[in-house]
Amino acid sequence: MVIIAGLGNPTREYENTRHNIGFMAVDALADKYNISVMDCKHRALIGKGVIGGTKVVLVKPLTYMNLSGEAIRAVVDYYKADAASELIVIYDDINLDVGQLRIRKKGSAGGHNGIKNIIANLGDDTFMRIRIGVGEKPKGYDLADYVLGHFDREELEVMAESLEKVDGAVNLMLDGEVDMAMNRYNVKNSSKMEDNQL
């Protein structure tokens, strides 16, 4: 059983905001693999199903972003999961270009309060994670206003492609091929200029 948790904020006002890309990723997986993420347990919405032959639990914490670790710790404890090998966390990253992925096996919170809280609650920073770039905050913008803002139409198109890549990455990770997922998806979105230079 592998726990796949997407980070975000509950309630309608936060739907489709940059900070909620983790929720959007879990919803995309739920839609593709016909998993209903509607059970309210462990201060989270959860759903059990199968992806690529592996039993999974999809999780959307209801604790709000900064307390994500409380719900995730409760789910990890309930399923007696080994966080290092049976937990994947999906979340937003303002240090990556829109739609860019960065997969890691462990590491610091990098300033992300949701991850900081998960590390604090698990007592360890060794768990798999998929960061999805939401773009750098424009100059003069308040960080909270930016991450709680909505994607524009062009960004949503990029994100739709990115969520398909998340599905590919998740399938590799569930097969134990984390290094392969990193090699395949930890690449910068190539610009037309770079393509022309090849």
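Guide: One definition will be needed here: a residue counts as exposed if its relative accessible area is over 50%, and as buried if that area is under 20%. Please note that the model is predicted.

Visitor: How many aromatic pairs does a search of the whole structure find?

Guide: The search finds three aromatic pairs. One of them joins Tyr-78 and Tyr-79 in an edge-to-face arrangement, with 4.9 Å from centre to centre and 85° between the planes.

Visitor: Is Tyr-78 buried or exposed?

Guide: Tyr-78 has a relative accessible area of 52%, so it is exposed. Tyr-79 is at 19%, and therefore counts as buried.

Visitor: What about Tyr-141 and Tyr-146?

Guide: Tyr-141 and Tyr-146 also make an edge-to-face pair, at 6.2 Å between centres and 90° between planes. Tyr-141 is partly exposed at 47%, whereas Tyr-146 is buried at 5%.

Visitor: Changing topic, which residues of helix α2 are buried?

Guide: In α2, which spans residues 68-78, the buried residues are Ser-68, Gly-69, Ala-71, Ile-72, Val-75 and Val-76. They lie on the same side of α2, because their arc around the axis is only 160°.

Visitor: Why do residues three or four places apart point the same way?

Guide: An α-helix has 3.6 residues a turn, so residues at that spacing point the same way.

Visitor: What do the buried residues of α2 pack against?

Guide: Their packing partners are the strands β1 (2-6), β3 (44-51), β4 (54-61) and β5 (87-93), together with helix α4 (113-122). Just after α2, Lys-80 adopts a positive phi of about 50°.

Visitor: And which ring does the charged end of Arg-129 sit over?

Guide: The charged end of Arg-129 sits over the ring of Phe-127, 4.1 Å from its centre. Lys-60 lies over the face of Phe-23, at 5.2 Å from the ring centre.

Notes:
Residues are numbered from 1 along each chain as its sequence is written. This is a predicted model: local features need pLDDT of at least 70, side-chain atom pairs count only at pLDDT 80 or more; totals for chains, interfaces and linings use all residues. Side-chain values use heavy atoms; hydrogens and water are left out. Rings of Phe, Tyr and Trp (its six-membered ring) pair if their centres lie within 6.5 Å; planes under 30 degrees apart count as stacked, over 60 as edge-to-face and the rest as tilted. Buried means under 20% relative accessible area, exposed over 50%, partly exposed in between (1.4 Å probe, protein chains only). A charge sits over a ring if NZ of Lys or CZ of Arg is within 6 Å of the ring centre and within 35 degrees of the ring normal. Helices (H or I, at least four residues) and strands (E, at least two) are DSSP runs, numbered from the N terminus. The arc is that of the directions from the helix axis to the C-beta atoms. Contact means heavy atoms within 4.5 Å.
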